[in-house]
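Open the model in your viewer and keep the selection tool at hand. This tour goes from stop to stop, saying what to select and what is there.

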Amino acid sequence: SNADKGRIEVRFGASDEEVSWESELAPVPDLTLKAEASESWVERWMLTASPVWNVHHEGLAPVYETSQTQLLPVWTPWPGESVKLAVSRPEAVQGATTTIHQARQITRLGDRQHSTQLMMQVQASLGEDFRLELPAEAVISALRVRGQELPVRREGNFVILPVRPGDQEVFIDWKTPSALAFRMPTDAVTLPVMASNITTTVHMPASRWLLWAGGPMRGPAVRFWGLAISAVLLGFVLAKVKLSPLKGYEWALLMLGFMQLPLFIGAAVVLWFFVIAWRGSAPSAIKPTGVFNLMQIVLAGASLIALLCMLAVVHQGLLGKPEMFVTGYGSTTGMLQWFQDRTADGALPRPLVISVSIWVYRALMLIWALWLASRVLRWLPWAAKQLSAGQIWKRGEVKSTPPPLPQ
C-alpha cells in the first residue's frame, strides 16, 4: 500500500479475514483522530502511551478497559466524531541520582586507637563514583560493595567507591590512631548526599568510666547523676527521723555506695538500722518470752546479713564495673546507641562520650570502703548494745507447786 495525501489503500483478498499494518508518525505536540464520515466501516481507537509522555485528550470521552493490566483509553466514535490529543514530555526535576536509605556506624573505642565500621544501603539510578570523606589519619582495612572486596582509592580525605545502578550494600572499615580523651566524639564522616535512618553505636572499653553521653535526641540517657542527687537528699531526710542512728552525711554516703547493688538490698540495710534502733529504745516492748527470743534470733541473723551486704558493696566497687543506669534506644553502660531519621546535610551525626579512667572510680570506691570500714567498727558495738538492751535472752518462768497437806 502507498500513502497518498494521508490515506492508504488496503486490498482484501477473497479469503482474507484480517489485514494489519504498522506505521510511524513524527512526534508532534498535537494530534487529531477523526472518524471517517462514512458508514462503510466502524472504527475503534486505543491509546497506549509510554511513561515518558503525558497525553491530554479533548472531545469524545473514552472508555477505559479494565481487562488490561493498565487502564487504556478506548474510543468507539460515530462517523465524523474526533478526538484531539495534546502530547507533552514531563520536565526532568533536578536532584540527586544516589539515595542512602539506611546507614549504621559502629565505633569501638580503644586505649590507643578506635575502629569504625560503616554500613550503608545505597540506591543509585546511574553508575558513578561515590565520594566519602573520612579523617585524614584514618587507615582503611576493608572496603566492600555488593559483598565484593574492592581496592582502596583515595584522593586526599576522600575515598572513592564505584556504585552501580540499583540497590547495593556498601561496607567500609577503618581504624583511627587516637588515645582516649575526656571528651571523645566519633569520627567525622561526610557523605556526598543526605542519608536517612542513621544508627550510631559506640562500644565503651572496660578501662573507661562513662560519665556522660550526648548526641541525637533519640539515644541513651545517663541516669546515675539524677539518682545520686535523689539518694543524697533521701539520706538527709532519713536523718530527720527520730529513731535515725546515723547523721545526714552518713546516710548520704552509705546510699551512694549501695547504688551499685539492687535497690532492695540498700532498702533492707536502711530498714535494719531503724529496727535495731527501735530494739534499743524499747527493750520491753515485746512481753511473751518465745516471741522475744525469736526476735533476738532474727535480728542477730539480719545483722550478719547487713554486714555481708556492706562487704558486697565494697567487692562490687573495687572489682566490678560501675553501673551508670544507662537507658534509651537499647543502650547499656557498655554500649551506647543513637538514632537519627535523616541528616540535614551529608555529615553523619557525631555523638560525644565523656569518660575518665576506670582507676578514678576504683580510687573513689577505695576511699568509700575505708570510710565504711571505720564506720562499721562503730556500728557493730552500737548494734550489740541495742540488742542487749534490757536483756539478751528471756528464760521461761518455773512454777513451784506447794507440798501436800498432812493427813
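Helices (H or I, at least four residues) and strands (E, at least two) are DSSP runs, numbered from the N terminus. Residues are numbered from 1 along each chain as its sequence is written, and side-chain values use heavy atoms, with hydrogens and water left out. This is a predicted model: local features need pLDDT of at least 70, side-chain atom pairs count only at pLDDT 80 or more, and totals for chains, interfaces and linings use all residues.

**Stop 1: the cavity**

A cavity is a set of points on a 1 Å grid over the protein atoms alone, where a 1.4 Å probe fits but cannot get out; lining residues have an atom within 4 Å of a point. Grid points are joined across faces, edges and corners, and a volume is the space filled by probe spheres set on the points. The structure holds one cavity of 30 Å³ or more. About 60 Å³ of space lies in the largest cavity. Select its lining: Trp272, Ser303, Ala306, Leu307, Met310, Val376, Trp379 and Leu380. H4 and H5 are the elements that give two or more residues to this lining. The largest share, four residues, comes from H4.

**Stop 2: helix H2**

Next, select residues 248–257, helix H2. Seven of its ten residues are buried, so H2 is largely enclosed by the rest of the structure. Buried means under 20% relative accessible area (1.4 Å probe, protein chains only). The buried residues are Gly248, Glu250, Trp251, Ala252, Leu254, Met255 and Gly257. They pack against helices H1 (224–238), H3 (263–281), H4 (289–319) and H5 (358–387); contact means heavy atoms within 4.5 Å.

**Stop 3: the aromatic rings**

Rings of Phe, Tyr and Trp (its six-membered ring) pair if their centres lie within 6.5 Å; planes under 30 degrees apart count as stacked, over 60 as edge-to-face and the rest as tilted. By this rule there are ten aromatic pairs. Select tryptophan 251 and phenylalanine 273: their ring centres are 5.6 Å apart and their planes at 75°, so the pair is edge-to-face. Tryptophan 251 lies in H2 and phenylalanine 273 in H3, so the pair ties together parts 22 residues apart in sequence. With phenylalanine 273 it forms an edge-to-face pair, 5.1 Å centre to centre and 85° between the planes. This pair links H3 to H5, across 106 residues. Phenylalanine 273 and tryptophan 379 are both buried. Then show the whole cluster: Trp251, Trp272, Phe273, Phe274, Trp368, Trp371, Trp379 and Trp382.

**Stop 4: a three-stranded sheet**

Three strands form an open antiparallel sheet in the order E9-E13-E12. Two strands pair if DSSP finds at least two bridges between them. The edge strands are E9 (128–133) and E12 (154–155), each pairing on one side only. E12 and E13 (residues 158–163) pair over two bridges. Select glutamate 155: opposite stands phenylalanine 158 in E13. Over the ring of phenylalanine 158 sits the charged end of arginine 131, 4.7 Å from its centre. The rule asks for NZ of Lys or CZ of Arg within 6 Å of the ring centre and within 35 degrees of the ring normal.

**Stop 5: the largest pocket**

A pocket is an open set of grid points with protein on both sides within 12 Å along at least five of seven lines. About 1700 Å³ of space lies in the largest pocket. Its lining has 37 residues, of which Trp21, Ser23, Leu25, Leu33 and Trp45 lie nearest the centre. Finish on strand E1 (30–34), which gives the most to this lining, with three residues.

Methods
Buried < 20%, exposed > 50% of the residue type's maximum accessible area, 1.4 Å probe, protein only.
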